[in-house]
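Trainee: I have a model open and would like to go through its architecture with you. Could we take it piece by piece?

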Amino acid sequence: MLLYGVLHSSERYQRMYLVDCLRDQAEAGWKDVEIYGQVPHLFADAYGISGLEEIKKGLEAFALEAAVFRPGVYQYDLCADPEDPFGAASMGYYRHMAAAAVKLGAKMLSLNSFMRIVDGDLPERKKRAVKAVKMLSAEAGPVKILCENGGKYSAFSALKELCDLKSAVPEIQIQMNLAGALEAGEKLSDWLKAFGEDLKVISVPGFLLREMQEGTHTDGEWPKDCLSALFQSSFCGWIRLENYEAGYREAFRLCGIPAGGL
Amino acid sequence: MRREQIAQMNQHYKRYSYRFFLENQKRLGVTSLELWMGAPHFYLDRLRYSDCTAIRRQTASAGLSVKAATAPSFARQYQYAMPGKEWSEYAFAYFSNGIRAAAELGAGIVTVNAGWELIGEPLSEAAKRSAQMLHRLAEFAWQRGIVLAMEPLMTTESCIADSLRGTKNLIRASAHHNLKAMVDTGAMAYQGETLEEWLEAFGEDLVHMHFVDAAGRGDSFTHGVWGDGVLPLQDMLSCMERYGYRGLLTQEIAEERYEDDPAQADRRNIGMLRRYIP
């Protein structure tokens with residue numbers, strides 16, 4: 001594995017000041033951060049954005065870079081009909097966020113807003129989503145679109161559906177939600193085979209790492225085995241830690257990774 | 001208690017269409033709704049909102065009517081204690097649009113909450129912002145014939161008004177006659193409070209309820225189907241009779257586990273309630 005860095009997301013800091021997140025990331029010794037674009041750090045809706053300059057200044061002050069810019073998901077839906085006010089507002093919002101990602105100098109723009117309406121027309125919703133992703137990819141310029149397996153309530157819930165999206169929009173890059181993939185019975189090797197070097201981020205859920213730390217995980221050794229396998233694989237990219245309160249150092253200690261990273 | 005006091009909320013149907021939600025309520029004989037104004041059922045932002053005439057017509061065709069409404073604030077850009085003047089105005093625009101929409105839908109009540117503070121800021125500052133916002137919104141609602149009902153949040157969500165005492169303090173600080181109290185039985189149970197305490201404290205100024213089962217004090221399970229928790233349903237209904245409560249009993253079934261099959265959750269829930277409110 002070639003680890004580009006560990007991404008702490010500012011998503012955890014929704015009730016805190018952004019500077020707390022940036023300071024934590026800088027003190028941890030990692031250069032890249034995931035900026036989660038939502039209040040109280042950034043205000044954005046279908047009509048505009050406010051607060052971007054403060055984020056840029058914060059990143060510069062701590063010598064950090066935004067590897068990923070992840071818009072606050074809110075209620076928007078890229079599967080919605082853009083002729084409808086809701087669909088139009090959703091596209092408006094994400095177009096602003098694409099522009100924000102460019103201004104921040106982010107490497108990737110994370111999109112995970114694809115609602116699966118159980119009694120809706122899923123093929124039609126997916127078609128609209130593909131169109132939306134293509135448009136946003138064009139508008140994001142040098143910033144790559146990053147899509148992930150969104151779970152059972154997403155129109156792109158698992159590996160196969162993400163492969164379809166990738167075929168339709170080849171320039172996108174991929175984030176693997178590790179817990180979701182393993183729950184679906186998928187293996188890391190399946191993902192690496194499907195996406196190769198376009199698999200750029202692997203998101204590791206905090207609850208797994210916490211259970212491993214507390215010794216309360218009862219579903220066998222698979223998280224640790226999986227993470228060990230990850231570090232022996234051909235993966236080149238970032239590891240994103242989801243909501244792990246103890247911090248990344250403890251997470252990696254559990255996986256046998258030396259402090260300070262690789 | 002009367003059957004029409006049972007009001008259904010639609011939040012746990014957010015993986016389904018609004019049409020599907022209405023069909024299920026019609027099947028259950030529910031007539032009152034508290035509309036959760038969130039996607040995909042309703043769109044609301046600071047400049048626009050869904051066609052309320054169409055929503056009202058669709059709702060009426062299923063034999064239901066919107067009696068109360070809620071503008072979502074969790075997982076949104078807007079909250080009641082919004083920091084910063086510019087963002088606070090955006091929040092006011094959003095919540096006042098919610099009130100406009102509620103009036104167009106025929107609702108008489110809009111639920112609000114205290115918003116939340118930033119960790120590290122003085123709580124009094126956040127509480128002041130909240131009180132100012134709620135005062136403005138209460139006046140705006142008053143001019144449109146809508147009553148605002150303020151519900152407490154849980155301590156994990158906000159420390160501004162997370163209890164009976166906190167709710168009383170914030171309503172007093174907001175200083176507007178049109179801001180009334182409501183109880184959320186889940187938040188109430190989380191704090192270890194009782195319905196009788198709330199009814200005794202507020203009297204006829206307790207105008208609304210989110211009336212749900214919960215797992216008890218300090219637990220995070222707080223918005224469940226009746227029968228899934230530990231709250232004493234029959235005793236609570238008797239208590240309401242004693243105090244003459246005539247407001248809605250909104251079923252805010254907000255736990256994610258019910259979202260796979262919300263219709264089944266509602267069947268069990270309404271079935272349980274109908275044992276005591278035939």
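Trainee: Which residue in strand 2 of chain B does Ala7(B) stand opposite?

Mentor: This is a predicted model, in which local features need pLDDT of at least 70, side-chain atom pairs count only at pLDDT 80 or more, and totals for chains, interfaces and linings use all residues. Residues are numbered from 1 along each chain as its sequence is written, chains are lettered from A and ligands numbered from 1 in the order in which they are written, and side-chain values use heavy atoms, with hydrogens and water left out. Strand 1 (residues 6-9) and strand 2 (residues 32-36) of chain B run parallel, joined by 3 bridges; two strands pair if DSSP finds at least two bridges between them. Opposite Ala7(B) stands Ser32(B).

Trainee: In what order do the 8 strands of the chain B barrel run?

Mentor: Helices (H or I, at least four residues) and strands (E, at least two) are DSSP runs, numbered from the N terminus. The barrel is closed, its pairing is parallel, and its order is 1-2-3-4-5-6-7-8. From one strand to the next, the twist averages 30°.

Trainee: What angle does helix 9 of chain B make with strand 1 of chain B?

Mentor: Axes are lines fitted to C-alpha atoms, for helices over the stretch in contact, and angles run from 0 to 180 degrees between N-to-C directions. Contact means heavy atoms within 4.5 Å. Helix 9 (residues 262-274) of chain B packs on the sheet and touches strand 1 and strand 8 (249-251) of chain B. Its direction relative to strand 1 of chain B is about 165°.

Trainee: How do helix 1 and helix 2 of chain B cross, left-handed or right-handed?

Mentor: Helix 1 (residues 18-28) and helix 2 (residues 52-61) of chain B pack at about 30°, with axes 9 Å apart. Residues meeting there include Leu22(B) from helix 1 of chain B and Ile55(B) from helix 2 of chain B. A crossing is left-handed if the near helix is turned anticlockwise from the far one by less than a right angle, and right-handed if clockwise. This crossing is right-handed.

Trainee: Why does the radius of gyration of chain B agree with a compact globule?

Mentor: The radius is taken over C-alpha atoms, and the globule rule is 2.2 Å times the number of residues to the power 0.38. For 278 residues that rule gives a radius near 19 Å, so chain B agrees, with 17 Å.

Trainee: Which strands stand at the edges of the chain A sheet?

Mentor: In chain A, 8 strands form an open sheet with parallel pairing, in the order 1-10-9-8-7-6-5-2. Each edge strand has a single partner, so one side is left without a neighbour in the sheet. The edge strands are strand 1 (2-8) and strand 2 (32-37) of chain A.

Trainee: What average pLDDT does chain B have?

Mentor: pLDDT is the predictor's confidence in each residue, from 0 to 100. In chain B, 98% of the residues score at least 70. For the complex, the predictor gives an ipTM of 0.92 and a pTM of 0.93. The chain B average is 95.
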